[in-house]
Amino acid sequence: MSVKKVATNQPDFFQFSEENLNKVKKIIKKYPEKKQASALMPLLFLVQKQNENWIPLVAMKYLAKMLAIPYIQVYEVATFYSMYNLSPVGKYFFQICTTTPCMIRGAYKLVEACKEKISPNENELSKDKSCSWMEVECLGACVNAPMMQINDDYYEDLDKGKTLKIIDQILKGETPKPGSYRGRLNSEPENNRKTLIEIKNA
Ligand code: FES
């Protein structure tokens, strides 16, 4: 289960950079007139990208004003989705899926690896402050369970040993290859197809 904590230490000020303000205009234009509230999710994501991977409360108020919607509406969306971080996370942010398909395929072994190598508790920075981890709900890669997301990349078909190795590589400043760690291409079946075998290139 994912636990979201709003940071105790909050900055007093947030505003988009010039570059991001240009992106904001383009994002808002994608939605019909008077429906600019629909731009909230991409704008929250943009705040997170600009603000070292987390969204402060002052930025939620800033977005509420920008989109002319109540602050609580922004807060509800930001606290609902696990893709939004409400407190500082590491430069390398590990999200471990522990929803049922991943759980029955050993997701808690991945959690153990994070506890050993990163920090004993979720949402806590590693000693060198480069990594943090948290449990999240389904990330949509169930067929390659168990899996985890590190920043924008998915690491799939994992076990504890493979997860420990990936974390070690990251702590050494290396970039482990994303994708399946059982050698599958995307989510192809292992040991060839079992169905539709009569259809070429199915
Ligand atoms: S249950 Fe883990 S990705 Fe869907």
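Biologist: How many nonpolar, polar and charged residues line the second largest pocket?

Modeller: This is a predicted model, in which local features need pLDDT of at least 70 and side-chain atom pairs 80 or more, while totals for chains, interfaces and linings use all residues. Residues are numbered from 1 along each chain as its sequence is written, and side-chain values use heavy atoms, without hydrogens or water. Lys5, Asn9, Pro88 and Glu124 are among the lining residues of the second largest pocket. With Ala, Val, Leu, Ile, Met, Phe, Trp, Tyr, Cys and Pro as nonpolar, Asp, Glu, Lys and Arg as charged and the others, Gly among them, as polar, the classes come to 4 nonpolar, 5 polar and 3 charged.

Biologist: What is the volume of the largest pocket?

Modeller: A pocket is an open set of points on a 1 Å grid over the protein atoms alone where a 1.4 Å probe fits, with protein on both sides within 12 Å along at least five of seven lines; lining residues have an atom within 4 Å of a point. Points are joined across faces, edges and corners, and volume is the space filled by probe spheres set on them. The second largest pocket holds about 260 Å³. For the largest pocket, the volume is about 340 Å³.

Biologist: Which residues lie closest to the centre of the largest pocket?

Modeller: The lining of this pocket has 15 residues, with 5 nonpolar, 7 polar and 3 charged. The closest to the centre are Phe45, Gln48, Gln149, Asn151 and Asp152.

Biologist: Which element gives the largest share of that lining?

Modeller: Helices (H or I, at least four residues) and strands (E, at least two) are DSSP runs, numbered from the N terminus. Helix H2 (40-50) and strand S1 (92-97) each give two or more residues to the lining. The largest share, 3 residues, is from H2.

Biologist: Is Glu198 buried or exposed?

Modeller: Glu198 sits in the segment after strand S5 (179-180). Because its relative accessibility is 65%, and the cut-off is over 50%, Glu198 counts as exposed.

Conventions:
Buried means under 20% relative accessible area, exposed over 50%, partly exposed in between (1.4 Å probe, protein chains only).
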